[in-house]
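Please read this short report with the structure open beside it. It goes from loops to strands and then to helix pairs.

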Amino acid sequence: MLSEVLLVSAPGKVILHGEHAVVHGKVALAVSLNLRTFLRLQPHSNGKVDLSLPNIGIKRAWDVARLQSLDASFLEQGDVTTPTSEQVEKLKEVAGLPDDCAVTERLAVLAFLYLYLSICRKQRALPSLDIVVWSELPPGAGLGSSAAYSVCLAAALLTVCEEIPNPLKDGDCCPSRTAGQGRGERCHSGHFNMRKSPALQILLTNTKVPRNTRALVAGVRNRLLKFPEIVAPLLTSIDAISLECERVLGEMGEAPAPEQYVVLEELIDMNQHHLNALGVGHASLDQLCQVTRARGLHSKLTGAGGGGCGITLLKPGLEQPEVEATKQALTSCGFDCLETSIGAPGVSIHSATSLDSRVQQALDGL
């Protein structure tokens, strides 16, 4: 059992192309986003397992002895990868959450308990742990914050229970080890294939307009049923855009050519027009695209649409004052805007004795 502090991080994600079309069997192209979720796990001997999520104001603690005495047979699920409704109800009892608990808190706590009990119950005794998880990712923005949270928890708990090797064990002095370095995802009919992707600089803009993903998906389906000869070709075209983008990214390598960025910009523009035609655009996203287009930049929505987030490609050689002016223009529209990159490292374990500045800043902010 691990005895020292463990630091783990995992990236968010953005959809480059294929939103909504993927629901109808087309390709979606997703890439890791260099905004990360961080986890610090510290073993202790106070007989408690503590969970703190400062971003959303959660602080919970459970007696390990009580958890140890539970009949955990309800966690046996064979090859099923999603908890059953019965398992969820049992976990709610264990969690001891109040009836008026916010959905975000309930889901975060239940996910933690499910992973903690599923992974750690294989040990002779459940470990006493203090876990803090914080994130650069805004929750509910379609940027993979929930997935990054779950990945950090699973990686940390599997490592502390020695179910997977700790790459920093036995004197390894490297600051971090990663999985999925610079990776993207290609999703086709529910299947993911991992592809290498170059690191691209982007602006990520959150319009802060809430959206209902289920309603937007239903709206596209209804439009397809109403206008099949119009909408079906749009979905096929989006599929072709995803495949062409994947091809170009695969060719860019370490030294991308200017003309390849031009192709990426053209694909961004075409896909944004298609998404508007599918009915998932929004006035806030139109405003975002207009602001960046006036500065020679190209943007599209990412995720479900109807508000939410958009991405803007930044070509190499773009002067920083120009980038800052664009960010300021978007901020003045009431949006949140961050400069970041895609094609980021995957889940990483960081050495506590050799932290990079980013992890250290995150720790200092706790």
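Helices (H or I, at least four residues) and strands (E, at least two) are DSSP runs, numbered from the N terminus. This is a predicted model, in which local features need pLDDT of at least 70 and side-chain atom pairs count only at pLDDT 80 or more, while totals for chains, interfaces and linings use all residues. Residues are numbered from 1 along each chain as its sequence is written, and side-chain values use heavy atoms, with hydrogens and water left out.

**Two loop residues**

Start with His20. It sits in the loop between strand S1 (6–17) and strand S2 (27–43). Now look at Lys208, in the loop between S9 and H5. The phi of Lys208 is near 65 degrees, again positive in a residue that is not glycine.

Are these residues buried or exposed? Buried means under 20% relative accessible area, exposed means over 50%, and partly exposed lies in between (1.4 Å probe, protein chains only). His20 has 6% relative accessibility, so it counts as buried. Lys208 has 47%, so it counts as partly exposed.

**A buried valine**

Val220 lies in helix H5 (residues 213–226). Its relative accessible area is 1%, so Val220 is buried. What does Val220 touch? Leaving out residues up to four places away in sequence, Val220 touches His20, His24, Leu278 and Val280; contact means heavy atoms within 4.5 Å. Val23 is 197 residues from Val220 along the chain, yet their C-alpha atoms are separated by 9.6 Å.

**Strand S9 and its partners**

Strand S9 covers residues 200–206. It is mostly covered: 6 of its 7 residues are buried. Which strands pair with S9? Two strands pair if DSSP finds at least two bridges between them. S9 pairs with strand S12 (residues 336–342) in the antiparallel sense, over 7 bridges. There, Leu204 has Leu338 of S12 as its bridge partner. S9 also pairs with strand S11 (residues 309–313), antiparallel again, over 5 bridges. Here the bridge partner of Leu203 is Thr312 in S11. In a regular strand the side chains alternate between the two faces of the sheet.

**Two helix pairs**

The table sets out the packing. Axes are lines fitted to C-alpha atoms, for helices over the stretch in contact, and angles run from 0 to 180 degrees between N-to-C directions.

| Helix pair | Angle | Axis separation |
|---|---|---|
| H6 (residues 228–252) and H7 (residues 258–277) | about 160 degrees | 10 Å |
| H8 (residues 283–293) and H9 (residues 320–331) | about 150 degrees | 10 Å |

Angles under 35 degrees count as roughly parallel, over 145 as roughly antiparallel, 65 to 115 as roughly perpendicular and the rest as oblique. So H6 is roughly antiparallel to H7, and H8 is roughly antiparallel to H9.

A crossing is left-handed if the near helix is turned anticlockwise from the far one by less than a right angle, and right-handed if clockwise. H6 passes H7 in a left-handed crossing. The residues of that contact are 13 nonpolar, 4 polar and 2 charged. Ala, Val, Leu, Ile, Met, Phe, Trp, Tyr, Cys and Pro count as nonpolar, Asp, Glu, Lys and Arg as charged, and the others, Gly among them, as polar.

H8 passes H9 in a right-handed crossing. Leu288, Val291 and Thr292 of H8 meet Thr326, Ala329 and Leu330 of H9. That contact has 4 nonpolar, 2 polar and no charged residues.
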